[in-house]
Amino acid sequence: MSDQLFCTIITRNYVAYAKALAASLAKYCPRQRLLVLIVDATEKPVDPAFDTVSLDELPHQDVIRKMTFYYRANELCCALRPFLHEYLFENTKVKQWIQIDSDVVVYHSLDEIWNLLDSCSLLLSPHILQLGTDKASANVESALLKYGTFNGGFMGFRRTEITRQFLAWSQSRMKDFCFIDGPGSFGDQIWLNLVPSHFDEVAIVRHPGANVAFWNFHERTLTKDSTGNFLVDGKPLLFVHYSGWSPANPEKVTRYLTYYSPGRDWFWSELSKRYASDLAASELNATKNLPYGFGTFSNGAPISDDARRAYFEMLSSKEDSVEHPFEQSEYFLEKVKLRRRAQMLGRVRILPSKVLQTLKRGI
């Protein structure tokens with residue numbers, strides 16, 4: 001393993017995305033390998049495109065086992081990031097590494113990014129680079145105040161004591177606070193807001209070609225140079241983050257926003273169609289429908305979000321102890337019923353008196 005590497009965390013239905021990412025890294029960053037944690041793989045897969053680490057190799061297995069039940073798939077992938085980073089810190093000699101989401105494609109050398117890590121411990125990527133005075137900018141900025149100033153899908157690390165301190169703090173937060181429930185609670189990303197204020201040696205990527213995505217299209221201009229290479233505000237396009245994008249409808253920028261109309265942007269049309277082709281070549285159809293490995297009880301019954309949250313609430317309150325939650329489908333079915341009943345009673349108590357009278361009459 002070299003002094004530098006990239007790492008990502010996926011569920012097994014995202015293997016094709018990891019392969020496509022690895023292919024782009026091999027082309028533009030051949031000195032750094034990609035390490036992939038497939039959280040729900042039943043065995044450690046071997047793939048020439050990337051290296052792998054298994055879930056049971058990470059530290060703090062007692063915590064992780066519980067997390068696999070009370071977090072949903074996307075929450076778990078986010079929550080495991082600092083645990084994977086501790087694994088790299090303690091079990092490898094790598095000096096610098098970059099965490100990168102699997103739905104990213106690299107289009108240029110990232111030496112400029114790696115150079116930033118020579119003089120910092122933690123490297124963050126902001127969602128936007130410019131503040132505006134118009135209403136559209138205000139809408140974007142307002143959303144970032146709710147969901148995070150920095151993007152959780154890209155972060156750089158250097159082996160320092162500051163990084164070790166960050167990982168300890170981040171793990172303590174990810175253990176309990178990585179739910180994705182809307183404003184004010186958005187996985188690990190919202191916690192990154194605190195990093196520049198409370199850790200030294202933090203740098204911010206300000207290259208306009210880095211982490212290009214739906215959240216910053218409005219502020220950046222994409223063109224091509226005379227040789228056909230993409231430019232962003234006159235600088236090389238480094239990598240695109242295809243967050244919320246689907247290869248089934250490649251010209252639609254993202255499912256999260258409606259104001260990007262399909263086919264409106266020539267550059268997106270070209271890039272996304274090429275990406276869809278790369279995913280097909282990475283055998284997306286063979287893996288995209290693989291079931292989530294922590295999605296069901298041992299008897300095959302699906303685990304509901306309510307069951308996951310009920311288990312977390314039990315652990316938090318220490319009201320009960322379930323050593324093997326995946327084997328307790330009937331127990332959690334009853335827990336969910338009680339939880340929903342309590343929630344309903346809580347809502348009924350604040351209803352107007354006339355509504356309460358109507359409910360009591362059974363009308």
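In this predicted model, the second largest pocket is lined by 34 residues, and those nearest its centre are I64, R65, T68, F294 and F326. The space that lies in this second largest pocket comes to about 600 Å³. Two or more lining residues are given by each of β2 (33-38), β3 (51-53), α2 (61-70) and α11 (305-317), and among the elements it is α2 that gives the most, with 6 residues. Sorted by class, the lining of the second largest pocket holds 15 nonpolar, 8 polar and 11 charged residues.

The largest pocket, for its part, has a volume of about 1400 Å³. Its lining is made up of 50 residues, of which F186, S243, G244, R255 and Y256 are the closest to the centre. The elements that supply two or more residues to this lining are β1 (4-10), α3 (73-79), α4 (81-91), β4 (96-100), α6 (135-147) and β7 (150-158), and the largest share, 5 residues, comes from α6. By class, the residues that line the largest pocket divide into 26 nonpolar, 18 polar and 6 charged.

In soluble globular proteins, nonpolar side chains tend to be buried together. Here the largest nonpolar core contains 53 residues, and the members that touch the most others are L58, M67, L80, L84 and F166. If residues up to four places away in sequence are not counted, L80 touches I9, L37, V39, L55, L58, I64 and M67. Apart from this core lies another one of 28 residues, which includes L25, I38, L110 and F239.

Helix α4, which was named above among the elements lining the largest pocket, is mostly covered, with 9 of its 11 residues buried. Those buried residues are R81, P82, F83, L84, H85, E86, Y87, L88 and F89, and one of them, L84, is also among the members of the largest nonpolar core that touch the most others.

Strand β6 runs antiparallel to β7, to which it is joined by 4 bridges, and in β7 the bridge partner of L124 is M155. With β10, by contrast, β6 pairs in the parallel sense over 3 bridges, and here L123 stands opposite A203.

A separate topic is the open sheet that 3 strands form in the order β11-β12-β13, with antiparallel pairing. Because β11 and β13 (235-236) stand at the edges, each with a single partner strand, one side of each is left without a neighbour in the sheet. Strand β12, residues 230-232, is joined to β13 by 2 bridges, and the bridge partner of V232 in β13 is K235.

E201 sits in the loop between α8 (195-198) and β10 (202-204), and its phi is near 55 degrees, a positive value in a residue other than glycine. N211 is placed in the loop between β10 and β11 (222-224), and it too has a positive phi, of about 55 degrees, although it is not a glycine.

Note on methods:
Residues numbered from 1 in each chain as written. Predicted model: local features only at pLDDT ≥ 70, side-chain atom pairs only at ≥ 80, totals over all residues. Heavy atoms only, no water. 1 Å grid on protein atoms, 1.4 Å probe; cavity = no way out; pocket = protein on both sides within 12 Å on 5 of 7 lines; lining within 4 Å. Points joined across faces, edges and corners; volume = space filled by probe spheres on them. Nonpolar A, V, L, I, M, F, W, Y, C, P; charged D, E, K, R; others polar. Core = buried A, V, L, I, M, F, W, Y, C linked by side-chain atoms within 4.5 Å. Buried < 20%, exposed > 50% of the residue type's maximum accessible area, 1.4 Å probe, protein only. Contact = heavy atoms within 4.5 Å. Pairing = 2+ DSSP bridges.
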